[in-house]
Amino acid sequence: MQVNIVIIGAGGHGKVTLDILQYDTSVEVIGFIDDDENSHDKIISGVPVLGNMAALPRLIQEKRIEGGIIALGNRKVRAALFEHLKEMGLKPVNAVHPRAVIAKNVRMGDGVMIAAGAIINTDSIIGDDVIINTGATIDHDNMIGDHVNIQPGGNLGGAVTVKAYTEVGIGATVIQNISIGEGSTIAAGAAIISDVPDNVTVVGVPGRIFRADKREKGT
Ligand SMILES: CC(C)(COP(=O)(O)OP(=O)(O)OC[C@H]1O[C@@H](n2cnc3c(N)ncnc32)[C@H](O)[C@@H]1OP(=O)(O)O)[C@@H](O)C(=O)NCCC(=O)NCCS
């Protein structure tokens, strides 16, 4: 039986998440939820934007919604909505593209999005509410924390740890055995060859700390 679900976030990332979930016969995407009123009543790839987060409790009843996934870029907002979803009794679902390659023993949390062409190699662990975006590669024995976003084409070598709320930018490269702290940002195209502390932005080749980010968690 199909489970009715919603996608939180009706932007570009939401649209890609819908495309992935439309391959999954175990779920039916009933609609998008978005707080941007300009998006309301829009139809995205055949699926309507139903309303804002405040309307969700009513929609859960009316449309028998049982699950959802967060599809927003901002890590802090995503994390808060992920918790909110669970508080409302919705199951966080995973969106895994059928053409992602995931080793048999990878352990994956809830509310995870794995896009087309992504590769996750053996013995890696993926936390909750993680995005592994288009064509990103996560090699063996990686530990990817909750609410992490690996942007398209990010490449992580073997035994890399990425702590919660960190973003690895598009096309960035991380060599083997590196630990990247919590709430940090790795710039697009950066090459990370040494450990990265919490709450910093790192840019360049080789990566250097560009600024400290005074943030509690994430962006
Ligand atoms: C690093 C990053 C977070 C900085 O963003 P920001 O805080 O808005 O910074 P700015 O754009 O104001 O740039 C600040 C400085 O950093 C430099 N810079 C920004 N991004 C850079 C990058 N990827 N590599 C090298 N230098 C970079 C800018 O040239 C600028 O330098 P200047 O002060 O000498 O002029 C952002 O540029 C980035 O790379 N984000 C990743 C985005 C991504 O992966 N998107 C994928 C979407 S699918």
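Two residues are in contact when heavy atoms lie within 4.5 Å. Keep that in mind for this tour.

This is a predicted model, where local features need pLDDT of at least 70, side-chain atom pairs count only at pLDDT 80 or more, and totals for chains, interfaces and linings use all residues. Residues are numbered from 1 along each chain as its sequence is written, and side-chain values use heavy atoms, with hydrogens and water left out.

**Stop 1: Gln-151.** Select Gln-151, in the loop between strand S16 (149-150) and strand S17 (155-156). Strands here are DSSP runs (E, at least two residues), numbered from the N terminus. Gln-151 is buried, at 19% relative accessible area; buried means under 20% (1.4 Å probe, protein chains only). Beyond its neighbours within four places in sequence, Gln-151 contacts Asn-133, Ala-136, Glu-167, Val-168, Gly-169 and Ile-170.

**Stop 2: the ligand.** Which residue has a polar backbone atom 2.7 Å from a ligand oxygen? That is Ile-170. A ligand nitrogen sits 2.8 Å from a polar backbone atom of Ala-188. Arg-211 brings a side-chain N or O atom to 2.9 Å from a ligand oxygen.

**Stop 3: the core.** Select Ile-186 next. Ile-186 touches Glu-167, Val-168, Gly-169, Ala-172, Ile-180, Ile-192, Val-196 and Val-202, not counting residues up to four places away in sequence. Ile-186 is also among the residues with the most contacts inside the largest nonpolar core, which has 29 residues. Such a core joins buried Ala, Val, Leu, Ile, Met, Phe, Trp, Tyr and Cys residues through side-chain atoms within 4.5 Å.

Technical notes: Buried < 20%, exposed > 50% of the residue type's maximum accessible area, 1.4 Å probe, protein only. Polar contact = N/O pair within 3.5 Å; in protein donor to acceptor, adjacent residues only side chain to side chain. Helix = DSSP H or I, 4+ residues; strand = E, 2+ residues; numbered from the N terminus.
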